[in-house]
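Student: Please take me through the side chains of this structure, starting with the charged ones.

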Amino acid sequence: FRFNPDYRVDRVLWAEIIGTVTDSLYVRPWGRLRLLDFTSTQLNLKASGTLSRSIYAQSTPNNDALLGFELHGALAWESKDGFDVLAEYAVLFPFGAFNNPSQNLTATPAQLGRVRLAWKF
């Protein structure tokens, strides 16, 4: 089984650090709340959490199967005239798999913030 390269599980761990899902499992609950709904525009709040682990612990730098937990939130203004604005924030809390005991290094959280403006035509 192979994922489409354009498929994005999350914003930090798989999209920026590892690159693609391999030798791993993840659980990703998500939700969306429509804050405003006019005839021409919508304001949506989106949130998700992704728990990732390796299938085999020996595949990780520290021989620990748990990779990390990521929280992601986004606020999206979507209009029917084609103008969209998206503000998103994600934070990854790495677990023991990314620690390096031989150099006495502990993995620290990684963050991502983004604003996207789009005009669809």
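Student: Is Arg34 buried, partly exposed or exposed?
Tutor: Arg34 is partly exposed, at a relative accessible area of 37%. Buried stands for under 20% relative accessible area, exposed for over 50%, and partly exposed for what lies in between, with a 1.4 Å probe and protein chains only. Please keep in mind that this is a predicted model, in which local features need pLDDT of at least 70 and side-chain atom pairs count only at pLDDT 80 or more, while totals for chains, interfaces and linings use all residues. Residues are numbered from 1 along each chain as its sequence is written, and side-chain values use heavy atoms, without hydrogens and water.

Student: Which side chain does Arg34 meet in a salt bridge?
Tutor: That of Asp37, with 3.9 Å from N to O. A salt bridge here is a side-chain nitrogen of Lys or Arg within 4 Å of a carboxyl oxygen of Asp or Glu. Asp37 is also partly exposed, at 48% relative accessibility.

Student: How many salt bridges are there in the whole structure?
Tutor: The search finds six. Another of them joins the side chains of Lys46 and Glu78 at 3.7 Å, N to O. Lys46 is in strand β3 (residues 41-54) and Glu78 in strand β4, so this pair ties together parts 32 residues apart in sequence. Strands are DSSP E runs of at least two residues, and helices are H or I runs of at least four, both numbered from the N terminus. Lys46 is partly exposed at 30%, and Glu78 is partly exposed at 28%.

Student: What about Glu88, buried or exposed?
Tutor: Glu88 counts as buried, at 10% relative accessibility. Its side chain meets that of Arg114 in a salt bridge of 3.6 Å, N to O. Because Glu88 lies in strand β5 (residues 83-94) and Arg114 in strand β6, the pair ties together parts that are 26 residues apart in sequence. Arg114 itself is partly exposed, at 36%.

Student: Changing topic: which residues form the aromatic pair?
Tutor: The search of the whole structure finds one such pair. Trp119 and Phe121 form it, tilted, at 5.8 Å centre to centre and with 50° between the planes. Rings of Phe, Tyr and Trp (its six-membered ring) pair if their centres lie within 6.5 Å; planes under 30 degrees apart count as stacked, over 60 as edge-to-face, and the rest as tilted.

Student: Which nonpolar surface patch includes Trp119 and Phe121?
Tutor: A patch of about 1,300 Å², whose other members include Leu33, Leu36, Phe38, Trp77 and Val115. The elements giving two or more residues to the patch are β2 (30-37), β4 (66-79) and β6 (110-119). Patches are made of residues with over 30% relative accessible area and no salt bridge, like charges being joined within 9 Å and nonpolar side chains (Val, Leu, Ile, Met, Phe, Trp, Tyr) within 5 Å. Areas come from the Shrake-Rupley method with a 1.4 Å probe, and for residues only the protein chains shown count as cover. Leu33 is in strand β2 and is partly exposed at 47%.

Student: Next, what does the side chain of Ser79 reach?
Tutor: The backbone oxygen of Phe83, at 2.6 Å. This is a polar contact: a pair of N or O atoms within 3.5 Å, where within protein one must be able to donate a hydrogen and the other to accept it, and residues adjacent in sequence count only if both atoms are side-chain atoms. Ser79 is in strand β4 and is buried at 13%. Leaving aside neighbours within four places in sequence, Ser79 is in contact (heavy atoms within 4.5 Å) with Ser40, Thr41 and Asp84.

Student: And Ser54, buried or exposed?
Tutor: Ser54 is buried, at 3%, and belongs to strand β3. A polar atom of the Ser54 side chain lies 2.8 Å from the backbone oxygen of Tyr56.

Student: Lastly, what is the phi of Asn63?
Tutor: Near 55°, a positive value in a residue other than glycine. Most residues other than glycine have a negative phi. Asn63 is in the loop between β3 and β4 and is exposed at 52%.
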